[in-house]
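Let us read a structure together, one feature at a time.

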Amino acid sequence: MKSLAEKIAPDAIKKLIPYQSARRIGGSGHLWLNANELESSCTYEGQQGDYHRYPDFLPDQLANAYLEYCHTHSEAIGCNAVAVRGADEAIDLLVRTFCQPGVDKIMVCPPTYAMYEFCADSIAAETIKVPLLANFQLDMAAINAQLGGVNILFLCSPNNPTGNIISQADIISLLESAKDKALVVVDEAYIEFAPQTTVVALIAQYPNLVVIRTLSKAFGLASIRCGFLLADESVMDLVTRLIAPYPVADPSAEIALAALTEQGISQMNAQTDTLITIREWFVSELKRLEIVEQIFPSSTNFVLVKFNTPTCMYQYLCSKGIVTRNQAHEPALSNCVRITIGSKESMKETLLALADMEAKKI
Ligand SMILES: Cc1ncc(COP(=O)(O)O)c(C=O)c1O
């Protein structure tokens with residue numbers, strides 16, 4: 001029987017033969033003269049390492065290390081992992097693999113991460129928007145009513161920019177109703193801040209579930225551009241036809257592998273605990289300010305704050321050299337600013353700037 005992935009993928013993708021890079025073709029020998037690389041290492045001042053050869057075409061060691069970190073193995077849960085250049089590349093790959101340009105649709109639930117719609121726009125795929133409810137949970141009735149004809153439903157949990165976790169019962173219910181219709185992609189970029197809420201283990205039961213992860217957030221490795229796509233084999237088969245010939249640069253893979261060792265993971269866990277403590281302290285301090293109307297509960301490394309001032313708080317904070325993220329463009333988030341949690345000193349400075357403004361009644 002045809003998998004859902006096969007059913008919805010455009011014919012052009014199903015016919016696609018992966019680009020036969022030198023590494024994918026492989027071979028054995030003692031002289032490697034097949035990839036137009038320099039045959040010997042060329043090091044520049046201050047640089048370490050040996051980078052004259054192309055990297056792996058699909059770095060298995062990295063994918064396996066990530067599966068291990070997820071406490072899961074491909075054989076055990078029927079789930080595979082592939083490393084990509086950040087979660088953003090995973091989103092783009094999924095849209096290009098499963099949507100025919102100008103024909104197919106995706107669904108998003110705003111306010112949410114803007115890249116889903118951007119990637120769909122880039123190939124002229126329509127985006128159906130079903131706004132979150134006032135409590136930032138899914139509008140299940142509206143989603144179900146419009147799911148027909150949608151190839152990918154993008155969910156984000158914990159969600160950016162609202163910071164909340166999407167109900168797991170709702171995700172399961174959507175996996176059921178979308179079984180023969182759509183892939184349900186759950187973006188877990190912030191999962192380390194609420195690890196117990198991951199849906200990764202559900203991939204074994206729902207081959208229409210795809211999970212996106214990243215090392216950019218809790219692992220603190222945004223600059224190496226490393227993310228992961230976790231999915232059933234039927235999804236992976238198609239995604240890896242389209243993936244770039246060498247998706248992860250060797251220096252990035254090396255750093256990612258170090259982060260995914262037992263020691264790396266415990267360091268990340270300790271950092272995460274510290275960050276959560278600072279976040280909770282910052283929230284308790286914010287609550288004392290009259291200019292703060294609402295602080296939305298966060299399971300991430302940021303907080304969404306609604307102000308009751310006539311002044312644009314984003315601009316005011318910018319004038320003090322504190323750059324946050326304005327959310328005023330989101331209809332549901334007027335007067336809201338998303339503030340990333342930094343060190344205690346950075347959060348103290350932010351609080352001082354806010355208290356100063358309140359005192360001066362600017
Ligand atoms: C929800 C969400 N998904 C994905 C990303 C992109 O992550 P990456 O740096 O791995 O591309 C972000 C970055 O802000 C995000 O908030």
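**Reading the sheet and its surroundings**

Q: In what order do the four strands of the open sheet stand?

A: The order is β8-β9-β11-β10, an open sheet of four strands with antiparallel pairing. Strands here are DSSP runs of E, at least two residues long, and helices are runs of H or I, at least four; both are numbered from the N terminus. Two strands pair if DSSP finds at least two bridges between them. β8 (292–295) and β10 stand at the edges with a single partner strand each, so one side of each has no neighbour in the sheet.

Q: What should I know about the model and its numbering before going on?

A: This is a predicted model, in which local features need pLDDT of at least 70 and side-chain atom pairs count only at pLDDT 80 or more, while totals for chains, interfaces and linings use all residues. Residues are numbered from 1 along each chain as its sequence is written, and side-chain values use heavy atoms, with hydrogens and water left out.

Q: How many bridges join β9 and β11?

A: Strands of a sheet pair through backbone hydrogen bonds, either parallel or antiparallel. Here, strand β9 (residues 302–307) pairs with β11 over five bridges, in the antiparallel sense. Val303 has Ile339 of β11 as its bridge partner. Strand β10 (residues 325–326) runs antiparallel to β11 and is joined to it by two bridges. There, Asn326 is bridged to Val337 of β11.

Q: Is strand β11 enclosed or open to the outside?

A: Buried means under 20% relative accessible area, exposed over 50%, and partly exposed in between (1.4 Å probe, protein chains only). Four of the five residues of β11 (residues 336–340) are buried, so the rest of the structure largely encloses this strand.

Q: Where does Asn301 lie, and which residues does it touch?

A: Asn301 sits in the loop between β8 and β9. Its relative accessibility is 12%, which counts as buried. Contact means heavy atoms within 4.5 Å. Leaving aside neighbours within four places in sequence, Asn301 contacts Tyr190, Phe193, Leu275, Ile339, Thr340 and Ile341.

Q: Where is the place of Tyr190?

A: Tyr190 belongs to the loop between β5 (183–187) and β6 (209–214). Tyr190 is buried, at 6% relative accessible area. Beyond neighbours within four places in sequence, its contacts include Pro158, Lys217, Asn301 and Phe302.

Q: Which residues of helix α4 are buried?

A: In α4 (residues 60–69), the buried residues are Leu62, Ala63, Ala65, Tyr66, Leu67 and Tyr69. Just after α4, His71 adopts a positive phi of about 55 degrees.

Q: How many helices and strands does the protein chain have?

A: The protein chain comes to 14 helices and 11 strands. Its radius of gyration, taken over C-alpha atoms, is 22 Å.

Q: What share of the residues counts as buried?

A: Of the 362 residues, 51% count as buried. Among contacts between residues at least 6 apart in sequence, 70% join residues at least 24 apart.

How values were computed. The radius of gyration is taken over C-alpha atoms; the globule rule is 2.2 Å times the number of residues to the power 0.38.
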